[in-house]
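Please look over the sequence and the model shown here. A short report on selected features follows.

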Amino acid sequence: MANHRRLRAVAALAAVAALAVTSCGRSEKGSDAGPGASAAEGKTAEELVPASFRKSGVLRVATAVGYPPMEMYKPGTTELTGVDPDLAQAVADELGLELKLTNAAFDGLIPGLKSSRFDLVMSSMTDSPQRRQAVDFVDYFRTGGVIMTKKGNPEGIRTLDDLCGKNVVLAKGSSNLEIGQQKNAECDPKMRISQSEDAPTGLLQLESGRAVATIVDYPVAAMFAKKNPAYQVLPTQYGAAPWGIAVNKDQSGLRDAVQKALQGLIDNGGYKKILDKYGVADSAVPRATVNDGK
């Protein structure tokens with residue numbers, strides 16, 4: 001339930017945004033490359049790494065555990081794993097740096113980045129206009145909410161339209177709740193929407209028959225369906241938006257190096273291999289872009 005977690009950071013972000021350094025405006029369509037793209041041509045990701053990082057030899061990346069399969073602990077351990085930790089390691093390798101990965105509270109990630117406690121944030125973070133007041137993003141993932149039903153889809157649900165008139169459970173404070181409520185405004189008859197604390201408790205309502213469908217962020221839905229054959233995930237994603245690797249605005253050199261590293265991983269298949277490992281390849285991006293959120 002990415003957006004539910006991420007809404008908790010709104011107040012912190014409002015304060016942090018005031019500290020953001022002045023930067024040039026960006027195209028509403030985003031950019032395939034950062035402002036330093038011309039200087040980056042013909043150079044490898046490692047060659048683009050700023051001197052201070054080459055000197056330290058370390059890349060400090062922060063994430064917030066608790067959103068599998070993107071970021072989580074290996075069972076029975078405190079070892080970080082998931083799409084973001086694996087991709088962070090791959091990016092660090094491309095940059096020729098040693099990865100130092102830290103788990104932190106989600107609402108402390110951007111403040112920690114702004115105060116130079118971390119060099120990058122990789123934690124299923126939506127590239128939004130509000131966050132771009134404080135940081136830049138190298139976008140690496142694009143996802144939205146998908147409808148989940150019981151296995152076999154006994155109600156024959158295909159799209160949001162088919163939820164009208166039915167019992168639907170949606171997570172409190174999530175963008176998926178907003179998607180459902182917006183659709184419900186058009187419904188006749190109306191959905192009967194109940195709100196759960198999170199995705200897992202919502203899925204329990206499917207099992208008990210109290211609801212016939214829910215909407216869950218695609219990576220989480222894919223994981224639950226893989227682990228529990230009682231659920232089915234419908235293919236269409238709603239409200240899709242990019243997730244980005246957050247970089248401090250005064251670190252444009254690092255941003256460009258990270259973008260180059262990510263593009264290299266896309267080109268050589270390493271990126272797809274990581275997403276395939278966790279069953280989320282449907283959210284892959286075709287190229288590494290900067291500040292591509294809307």
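In helix H11, the buried residues are Leu 254, Arg 255, Asp 256, Ala 257, Val 258, Gln 259, Ala 261, Leu 262, Leu 265 and Ile 266. Buried means under 20% relative accessible area, exposed means over 50%, and partly exposed lies in between, with a 1.4 Å probe and protein chains only. H11 covers residues 252-268, which is 17 residues, and spans 24 Å from first to last C-alpha, close to the 24 Å expected at 1.5 Å a residue. The expected span is 1.5 Å times one less than the number of residues in the helix. Just after H11, Gly 269 has a positive phi of about 90°.

Helices (H or I, at least four residues) and strands (E, at least two) are DSSP runs, numbered from the N terminus.

## Basis of the model

This is a predicted model, in which local features need pLDDT of at least 70 and side-chain atom pairs count only at pLDDT 80 or more, while totals for chains, interfaces and linings use all residues. Residues are numbered from 1 along each chain as its sequence is written, and side-chain values use heavy atoms, with hydrogens and water left out.

## Strand pairing

Strand S1 (residues 58-63) pairs in the parallel sense with strand S4 (residues 98-103) over six bridges. Two strands pair if DSSP finds at least two bridges between them. Within this pairing, Leu 59 stands opposite Leu 99 of S4.

S1 also pairs in the parallel sense with strand S5 (residues 120-121), over two bridges. Here the bridge partner of Val 61 is Leu 120 in S5.

## Aromatic rings

How many aromatic pairs does the structure hold? There are three. Rings of Phe, Tyr and Trp (its six-membered ring) pair if their centres lie within 6.5 Å; planes under 30 degrees apart count as stacked, over 60 as edge-to-face and the rest as tilted. One of the pairs is Tyr 140 with Phe 141, which is tilted, at 6.1 Å centre to centre and 40° between the planes. Another is Phe 141 with Trp 243, which is stacked, at 5.2 Å centre to centre and 25° between the planes. This second pair links distant parts of the chain: Phe 141 is in strand S6 (residues 135-150) and Trp 243 is in strand S11 (residues 238-248), 102 residues apart.

Tyr 140 and Phe 141 are both buried, and Trp 243 is buried too. Tyr 67, Tyr 140, Phe 141 and Trp 243 form one aromatic cluster.

The axes of helix H6 (residues 83-95) and helix H12 (residues 270-277) come within 10 Å and cross at roughly 160°. Axes are lines fitted to C-alpha atoms, for helices over the stretch in contact, and angles run from 0 to 180 degrees between N-to-C directions. H6 and H12 are therefore roughly antiparallel to each other; angles over 145 degrees count as roughly antiparallel, under 35 as roughly parallel, 65 to 115 as roughly perpendicular and the rest as oblique.

## Backbone exceptions

Most residues other than glycine have a negative phi, and most peptide bonds are trans. A cis peptide bond joins Pro 68 and Pro 69, with omega of about 5°, and Pro 69 is in the loop between S1 and strand S2 (72-73). The bond from Asp 188 to Pro 189 is also cis, with omega near 10°.

Ser 116 is not a glycine, yet has a positive phi of about 70°. Ser 116 is partly exposed, with a relative accessible area of 45%.
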